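Let's take a walk through a protein together, one step at a time. Have a look at the sequence and the structure before reading on.

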Amino acid sequence: MLVLTRKVGEQVLIGEDIVVTILESKGDSIKVGIDAPKGVKIHRAEVLAAVIEENQKAVAADDAAAVRLAKLLAAPTARPAGDDAQ
């Protein structure tokens, strides 16, 4: 990991087409601007982690529902009383 110290207004270049600019510093937080091509995806790590976690929960719920459905479909069907057709 590269660790840099930057002041407001200073920039960091990533590759040839991504520019990170320090916009503001207040207390223990900073405001960062990122200029990148439209095809470059930029995500906040904590938001992406939450989305991944929710997707994993949804898949697990779908898997559980699929197992219940498979058990119901595999269960022998009961015949109504008096239905002895052979």
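This is a predicted model: local features need pLDDT of at least 70, side-chain atom pairs count only at pLDDT 80 or more; totals for chains, interfaces and linings use all residues.

Residues are numbered from 1 along each chain as its sequence is written, and side-chain values use heavy atoms, with hydrogens and water left out.

Let's begin with the layout. The protein has one helix and three strands; here helices (H or I, at least four residues) and strands (E, at least two) are DSSP runs, numbered from the N terminus. If you follow the sequence along, these elements come in the pattern β-β-β-α.

Now turn to the sheet. Strands of a sheet pair through backbone hydrogen bonds, either parallel or antiparallel. In this protein, three strands form an open sheet in the order 1-2-3, with antiparallel pairing (two strands pair if DSSP finds at least two bridges between them). Strand 1 (11-14) and strand 3 stand at the edges with a single partner strand each, so one side of each has no neighbour in the sheet. From one strand to the next, the twist averages 25°; for such angles, axes are lines fitted to C-alpha atoms, for helices over the stretch in contact, and the angles run from 0 to 180 degrees between N-to-C directions.

How are the strands joined? Strand 1 and strand 2 run antiparallel and are connected by four bridges. Across this pairing, Gln11 stands opposite Thr21 in strand 2, and Val12 stands opposite Val20 in strand 2. The hairpin of strand 1 and strand 2 has three residues between the strands, and Gly15 takes a positive phi near 65° there.

On we go to the next pair. Strand 2 (residues 18-26) and strand 3 (residues 29-35) are antiparallel too, paired over seven bridges.

What about contacts along the chain? Counting contacts between residues at least 6 apart in sequence, 0% join residues at least 24 apart; a contact means heavy atoms within 4.5 Å.

Next comes the surface. How much of the protein is buried? Buried residues make up 7% of the 86 residues, where buried means under 20% relative accessible area, exposed over 50%, and partly exposed in between (1.4 Å probe, protein chains only). The accessible surface comes to about 8000 Å², and carbon and sulfur atoms account for 58% of that surface. These areas come from the Shrake-Rupley method with a 1.4 Å probe, and for residues only the protein chains shown count as cover.

Part of this surface is a nonpolar patch of about 410 Å², made by Ile30, Val32, Ile34, Val40 and Ile42. Patches are made of residues with over 30% relative accessible area and no salt bridge, joining like charges within 9 Å and nonpolar side chains (Val, Leu, Ile, Met, Phe, Trp, Tyr) within 5 Å. One member, Val32, sits in strand 3 and counts as partly exposed because its relative accessibility is 39%.

Last, look for the charged pairs. The whole structure holds six salt bridges, each a side-chain nitrogen of Lys or Arg within 4 Å of a carboxyl oxygen of Asp or Glu. One of them joins Glu24 and Lys26, at 3.3 Å from N to O. Glu24 is partly exposed at 28% relative accessible area, whereas Lys26 is exposed at 56%. Glu24 and Lys26 also belong to a salt-bridge network with Lys31.

Another salt bridge links Glu46 and Arg44, whose closest N and O atoms are 2.9 Å apart. Arg44 counts as exposed, at 56% relative accessibility.

Finally, visit helix 1 (residues 45-74), where Glu54 and Lys57 lie three residues apart, about one turn of the helix. Their side chains meet in a salt bridge of 3.6 Å, N to O. Glu54 is partly exposed at 46% relative accessible area, and Lys57 is partly exposed at 45%.
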